[in-house]
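Please look over the model below before reading on.

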Amino acid sequence: MDRLQLQVTEVNPASTIRAYAFEMWMKAPMPMVTLFKTLDITRLLRISRKRNMKFNMLMCWCIGKAASEIKEFYMLPVGDKLMRYEAIAVNTIVANSEGEVSSCDIPFSNDISQFNADYLRLTRHVAQSCCNHDITDRMVIGTSALVDYDIDGAVGMYSGIFNNPFMIWGRYRRGLFRTKLQVSFQFHHTQMDGAHAARFLTGLQNTIHEIR
């Protein structure tokens, strides 16, 4: 079944709350900012085992859920324009059948069962076809999970083409009672300020604690 096309609208930056940020940061040589945070993912691992759901899928859903509640995520600088989106998607990197990696955008849904079904269907298709699955009518949050490696953080590359927010994490660390995961979150300063990004990361932790 074809997915309903959503509307993407160019907005006048001067008429938005990002007017000053657009003026200050759109032409900056390095407009990206990165924040680091250590998350308690103990509950997420329990839910993964209890519901037989992939941990990476659950992380992506929590990221989408936390982002969906912050209005700044629905606008993104694209080229020299500021675009407004109706909805959000979360990207994941997939190991494909040729031993390489492909990119897969998953539309965010508040219904975790629906998101899980889309995640499994789309990542399976991308892995088999070795073709990226791109969604252009949603504001996409990129993710990269380096689960085989013990890292303290990562700063993403600024290509000057993609301004999307991006989250990276490595191997989680088990303690005596809690399991922790260090993440980095990169964002374009035109899209949001540090306070918005910090609120998103706090919301992400709260979503992980509250997931059922």
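**A66 and its surroundings**

A66 touches F200, G203, L204 and T207, leaving aside residues up to four places away in sequence; touching, or contact, means heavy atoms within 4.5 Å. This is a predicted model, in which local features need pLDDT of at least 70 and side-chain atom pairs count only at pLDDT 80 or more, while totals for chains, interfaces and linings use all residues. Residues are numbered from 1 along each chain as its sequence is written, and side-chain values use heavy atoms, with hydrogens and water left out.

A66 lies in helix α3; helices (H or I, at least four residues) and strands (E, at least two) are DSSP runs, numbered from the N terminus. With a relative accessible area of 4%, A66 is buried, a term that means under 20% relative accessible area with a 1.4 Å probe and protein chains only. Between A66 and F185 there are 119 residues in sequence and 13 Å in space, C-alpha to C-alpha.

Helix α3 (residues 55-68) also packs against another helix. The axes of α3 and helix α4 (residues 112-129) come within 10 Å and cross at roughly 125 degrees; axes are lines fitted to C-alpha atoms, for helices over the stretch in contact, and angles run from 0 to 180 degrees between N-to-C directions. That angle makes α3 oblique to α4, since angles under 35 degrees count as roughly parallel, over 145 as roughly antiparallel, 65 to 115 as roughly perpendicular and the rest as oblique. On the α3 side the contact is made by N56, M57, L58, C60 and W61, and on the α4 side by I112, F115, N116 and Y119.

Turning to the strands, an open sheet of 3 strands has the order β1-β4-β3, with antiparallel pairing; two strands pair if DSSP finds at least two bridges between them. Its edge strands are β1 (8-11) and β3 (75-78), each pairing on one side only. From one strand to the next the twist averages 35 degrees. β3 and strand β4 (residues 81-85) run antiparallel and are joined by 4 bridges, and L76 has M83 as its bridge partner in β4.

Strand β5 (residues 88-95) is mostly covered, with 6 of its 8 residues buried. To strand β7 (residues 139-145) β5 is joined by 3 bridges, in parallel; to strand β6 (residues 101-107) it is joined by 7 bridges, antiparallel. β5 and β6 form a hairpin with 5 residues between them, and G99 in the turn has a positive phi of about 80 degrees.

Note on methods:
Buried < 20%, exposed > 50% of the residue type's maximum accessible area, 1.4 Å probe, protein only.
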